[in-house]
Amino acid sequence: MDTERIKVLLVEDDGDSRELLAELLEEEFDVQTAGDGLAGLKAFEEDHPDVVVTDESLPGMCGTVLAQHVKARAPHTRVILVSGYSQVEGAEHCDVVLRKPIDVQRLSAAVESLGEAARH
């Protein structure tokens, strides 16, 4: 049954936020985490998630650049960008942009719908 769960990669540099979001998302999804953009790209290449949820402001590589790499390697993978900014350069590489503070229900609903779309 777990093989049917949507696979999510959560890339967030703030440890507390990463742990909390992962814990909340793990109720419905198979979640892997990374603490910066480069680790996120490596985890993406190793695990091939259905959905990548990434913060924009990350050490090593920002979320929009990570999204570009993800889309270039696997165009069917969906990307959700989380940012405190209303306008983010490069956001066109992402499928959904959510503003901070994160509404967990909106995030979960977006992961669900995008994850299903990524599989079809």
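## A walk around a predicted model

Visitor: Which residues gather in a patch of negative charge on the surface?

Guide: Happy to start there, keeping in mind that this is a predicted model. The patch of negative charge on the surface brings together Asp-13, Asp-14, Asp-16, Glu-19, Glu-23, Glu-26, Glu-27, Glu-28, Asp-30, Glu-112 and Glu-116.

Visitor: Which element gives the largest share of the negative patch?

Guide: Two elements each give two or more residues to the patch: helix H1 (15-25) and helix H4 (104-119). The largest share is three residues, and the element that supplies them is H1.

Visitor: Let's move on to Tyr-85. Is Tyr-85 buried or exposed?

Guide: Tyr-85 sits in the loop that links strand S4 (78-83) with strand S5 (96-99). Its relative accessibility is 53%, and the cut-off to pass is over 50%. So Tyr-85 counts as exposed.

Visitor: What about Thr-64: is Thr-64 buried or exposed?

Guide: Thr-64 belongs to helix H3 (residues 63-73). Not counting residues up to four places away in sequence, Thr-64 touches Glu-56, Leu-81, Val-88, Glu-89, Gly-90, Ala-91 and His-93. Its relative accessibility is 4%, and buried means under 20%, so Thr-64 counts as buried.

Visitor: And in which strand is the place of Val-52?

Guide: Val-52 is buried, with a relative accessible area of 1%. Residues up to four places away in sequence aside, Val-52 touches Leu-9, Val-11, Phe-44, Leu-66, Val-70, Thr-77, Arg-78, Val-79 and Ile-80. The strand that holds Val-52, running over residues 51-55, is S3.

Visitor: How far apart in space are Val-52 and Ala-67, C-alpha to C-alpha?

Guide: In sequence, Val-52 and Ala-67 are 15 residues apart. In space, the C-alpha to C-alpha distance between Val-52 and Ala-67 is 8.2 Å.

Terms used
Residues numbered from 1 in each chain as written. Predicted model: local features only at pLDDT ≥ 70, side-chain atom pairs only at ≥ 80, totals over all residues. Heavy atoms only, no water. Helix = DSSP H or I, 4+ residues; strand = E, 2+ residues; numbered from the N terminus. Buried < 20%, exposed > 50% of the residue type's maximum accessible area, 1.4 Å probe, protein only. Patch = residues over 30% accessible without salt bridge, like charges linked within 9 Å, V, L, I, M, F, W, Y side chains within 5 Å. Areas by Shrake-Rupley, 256 points an atom, 1.4 Å probe, with all protein chains shown as cover. Salt bridge = Lys/Arg side-chain N within 4 Å of Asp/Glu carboxyl O. Lys, Arg positive; Asp, Glu negative; His and termini not counted. Charge placed at Lys NZ, Arg CZ, Asp CG, Glu CD. Contact = heavy atoms within 4.5 Å.
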